[in-house]
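Let us walk through this protein step by step. Keep the sequence and the 3D view side by side as you read.

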Amino acid sequence: MTTLYSQIAMTAPHAEAAIAGQKILENGGTAIEAMVAAAATISVVYPHMTGLGGDGFWLIHQPGKSPVAIDGSGYSANNLDCYQNLESVPARGGKACITIAGAVSGWQKALQWNEQNLTASHTLDELFGPAIMAAEQGFSVSESLAECTKEKYLELHRVHGFAETFLVNQNPLSAGNTFKQPKMANLLRLLTKNGLDDFYRGEVAKNISSALISAGSSLCFNDFNDFEAQFVSPLQVKLKGKTLFNLGAPTQGLASLLILAQFDELYDPNMNEIESMHLIVEATKNAFVIRDKFITDAQKLKQPLESFLTSESIKKLCDTIDMDKAQPWPKQALLGDTVWMGARDQNGVMVSYIQSLYWEFGSGVVIPEYGLVWNNRGISFSLDSEHHNSLEPRKKPLHTLNPALCIFDDDRRLAYGTMGGEGQPQTQAAIYHRIVNLQQTPEKAIAEPRWLLGRTWGDLSNNLKIEQSLFNRIGQDFHNIGHDVQCVPDLSEMMGHAGVIYERQDKVLAGTDPRSDGLAIVKDL
């Protein structure tokens, strides 16, 4: 295969983020630099989905070398006394602010790796330029952001700092209006001046921790001061003609790999649409049972996650799948709110990156001085001390986030991912199958109607939701074999915002989701 080094690619669920990354790539920047620019920009223009107050996970691949992974997720506060008499971690407000935000430290680690292994060509000021401009001069409010502020108004308008940042005259944002975030621009400028470490060990960290304490959080300056994102070994599984990579604990990357490993074991090219979809759904159930029983902080695992990905373990799971009957469901379900983005630079370096606040607007708590929304990832903890995902000091909770990468034996590559809680592994599987087995283009694979088992952002039901066009074809058949099905509109945002960069033998392709405000770009340099 001739590697197409001359082509760059960028995809993001908001056009301004994709363009920010594109400009860096066109100016000779690396995929890592482009991703930091896109991540900063999307934190401004999609504040309900993601931000500097959240977490992020990286997969970086340099041709001919092993993928590199970065865990940019935060741990819980050291002092947890205020949770002793509660039944669960509150979903919103100060007590929901229980974990450090790791995304900025993840950016820092990625840029350090970039400097050591590639050719760093852009300053932080240049990388943050588009984000600062969008925050200072304003951007057009998307339907997604407007609808979210409207839907969550009653839940969030009294939460610390939310109204003064995201409401206009105490009213939700309106689509198409220009929205400015001058305080966020100030934060980004401070970080360009003082360095990203200031978020954890400097003036910015002191101001954030003080504001969080005022809001009722247990996080203190020492929690920030001790935190640092980590390079970790990617989780991987070898399939026929390819190797899949994802993140290990505390993410649900294991579930994503388990679904496709089972599917690869049992898939027959002669299967029809109903059979292949049923197989993915049943494989999803098996994967989620394992995820919910074992995934927690990487330091607290009961057994190595690799043990679930052996040929013997996969075959045992496959033996439980009945191709004529659905397994009972539901089990525990997870929510989530996220952005996935992909980048490829002119030297062939590819990045699969995912970043999140968890629920829409996270905890709802906003650091007034910076317009910074804080995550509520800590609500994934259990307050049952016997639970494997129990709340403990300096511990990471189970994450829905997981960026995916496939490297084929013939050197082709596929970077893919999505937002959407429970939907992330399922959408990854659907898009992978459509591209790899059905040979669809990324745009078609993403746009075609999808399904979702369990919960996703903005929805609490646990059944199998199927978009209208697909439901019309297979809904009755699925009901007949025992699936609890529900029809939802085509291009429903609950299905997530997916994206793909696919490096084929003849050219590079990219796709973004029509369910989002995204943009996919491929250009020859």
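Start with a cysteine. The sulfur of Cys148 lies 16 Å from the closest cysteine sulfur, which belongs to Cys97. A disulfide needs two cysteine sulfur atoms within 2.5 Å. Cys148 is therefore too far away for a bond. Cys406 is in no disulfide either, as its nearest cysteine sulfur, in Cys318, is 18 Å away. The structure as a whole holds zero disulfides. Remember that this is a predicted model.

Are these two cysteines buried or exposed? Cys148 has 3% relative accessibility, so it counts as buried. Cys406 has a relative accessible area of 0%, and is buried too. The cut-off for buried is under 20%.

The largest nonpolar core has 103 residues. Which of its members touch the most others? They are Trp58, Trp107, Phe128 and Phe199. Helix α2, residues 31-45, gives the most to this core, with twelve residues.

Take Phe199 as a case to trace. Leave aside residues up to four places away in sequence. Phe199 then touches Leu52, Ala101, Val104, Leu191 and Val204, among others. Its contacts also include Ala205, Ile208, Phe224, Leu372 and Trp374.

Next, look at how helices pack. Two packed helices are described by the angle between their axes and the distance between the axes. Find α2 again, and helix α4, residues 124-137. Their axes come within 7 Å and cross at roughly 10°. Angles under 35 degrees count as roughly parallel, and α2 and α4 are therefore roughly parallel to each other. The crossing is right-handed. On the α2 side, the contact is made by Glu33, Val36, Ala37, Ala40, Thr41, Val44 and Val45. On the α4 side, the residues are Leu127, Phe128, Pro130, Ala131, Ala134 and Ala135.

A second pair is helix α12, residues 253-266, and helix α13, residues 273-294. These pack at an angle of about 140°, with their axes 8 Å apart. That makes α12 oblique to α13. Their crossing is right-handed. From α12, the contact includes Leu254, Leu258, Ile259 and Phe263. From α13, it includes Leu279, Ile280, Ala283 and Phe288.

Note on methods
Residues are numbered from 1 along each chain as its sequence is written. This is a predicted model: local features need pLDDT of at least 70, side-chain atom pairs count only at pLDDT 80 or more; totals for chains, interfaces and linings use all residues. Side-chain values use heavy atoms; hydrogens and water are left out. Buried means under 20% relative accessible area, exposed over 50%, partly exposed in between (1.4 Å probe, protein chains only). A nonpolar core is a set of buried Ala, Val, Leu, Ile, Met, Phe, Trp, Tyr and Cys residues joined through side-chain atoms within 4.5 Å. Helices (H or I, at least four residues) and strands (E, at least two) are DSSP runs, numbered from the N terminus. Contact means heavy atoms within 4.5 Å. Axes are lines fitted to C-alpha atoms, for helices over the stretch in contact, and angles run from 0 to 180 degrees between N-to-C directions. Angles under 35 degrees count as roughly parallel, over 145 as roughly antiparallel, 65 to 115 as roughly perpendicular and the rest as oblique. A crossing is left-handed if the near helix is turned anticlockwise from the far one by less than a right angle, and right-handed if clockwise.
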